[in-house]
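Let's walk through this fold piece by piece, starting with strands and ending with helices. Have a look at the model first.

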Amino acid sequence: MPVTKAIDLSDLAATEDFGRRLGSLLFPGAVVALVGQLGAGKTHLTRAIAEGLGVKNPAVVNSPTFVLIQEYSARLPIYHFDTYRLPGPQEFTDLGADEYLHGDGVCVIEWADKVPGALPADRLTIAITITGPTARRLEVTATGTRHEDIANTLS
């Protein structure tokens, strides 16, 4: 049974703190699916997750919209996908996403709602809603025991 939590973040500092805490809790094979409109803060959150995972230079974390995937070295390898430009799940699969999704790193997928059928059932899905100039509401849905443990820890 999935676990769903709503988390309100008052500003960018709260978003960064949430992302760093999340990153510190992630494990090999973790999948974080990010959903939200343009400008919701998916890349900003990804940068904070990378910080929590120990990436040496968080400034290198940027949107991989045109290259589709960026890889970062940290406590665990980070595979940062942006599926915005993909027409659908098959193209995501054709990129070899399964190797990453079932590997020993952490996958963070922006615009995950464009490829839901290609994602593993066990994952953490974070839907970001803009509630103010820098305020956000996160709806965190976790499936799978390890992802559920993280969701319960974050709330």
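**Strands, then helices**

Start with Gln70, whose bridge partner in β4 is His80. This is a predicted model, in which local features need pLDDT of at least 70, side-chain atom pairs count only at pLDDT 80 or more, and totals for chains, interfaces and linings use all residues. Residues are numbered from 1 along each chain as its sequence is written, and side-chain values use heavy atoms, with hydrogens and water left out.

β3 and β4 (residues 78-82) run antiparallel, paired over four bridges; strands count as paired if DSSP finds at least two bridges between them. Strands here are DSSP runs of E, at least two residues, and helices are runs of H or I, at least four, numbered from the N terminus.

Zoom out, and seven strands make an open, mixed sheet ordered β1-β7-β6-β2-β5-β4-β3. Its edges are β1 (3-9) and β3 (69-72), each pairing on one side only. Ignoring direction, neighbouring strands are turned by 15° against each other on average.

Helix α1 packs on this sheet, touching β1, β6 (123-130) and β7 (136-143), and its direction makes about 145° with that of β1. Contact means heavy atoms within 4.5 Å. Axes are lines fitted to C-alpha atoms, for helices over the stretch in contact, and angles run from 0 to 180 degrees between N-to-C directions. Helix α5 (residues 145-154) also packs there, touching β1, β2 (31-36), β6 and β7, at about 150° to the direction of β7.

Finally, α1 (residues 12-25) packs against α2 (residues 42-52) at about 45°, with axes 6 Å apart.
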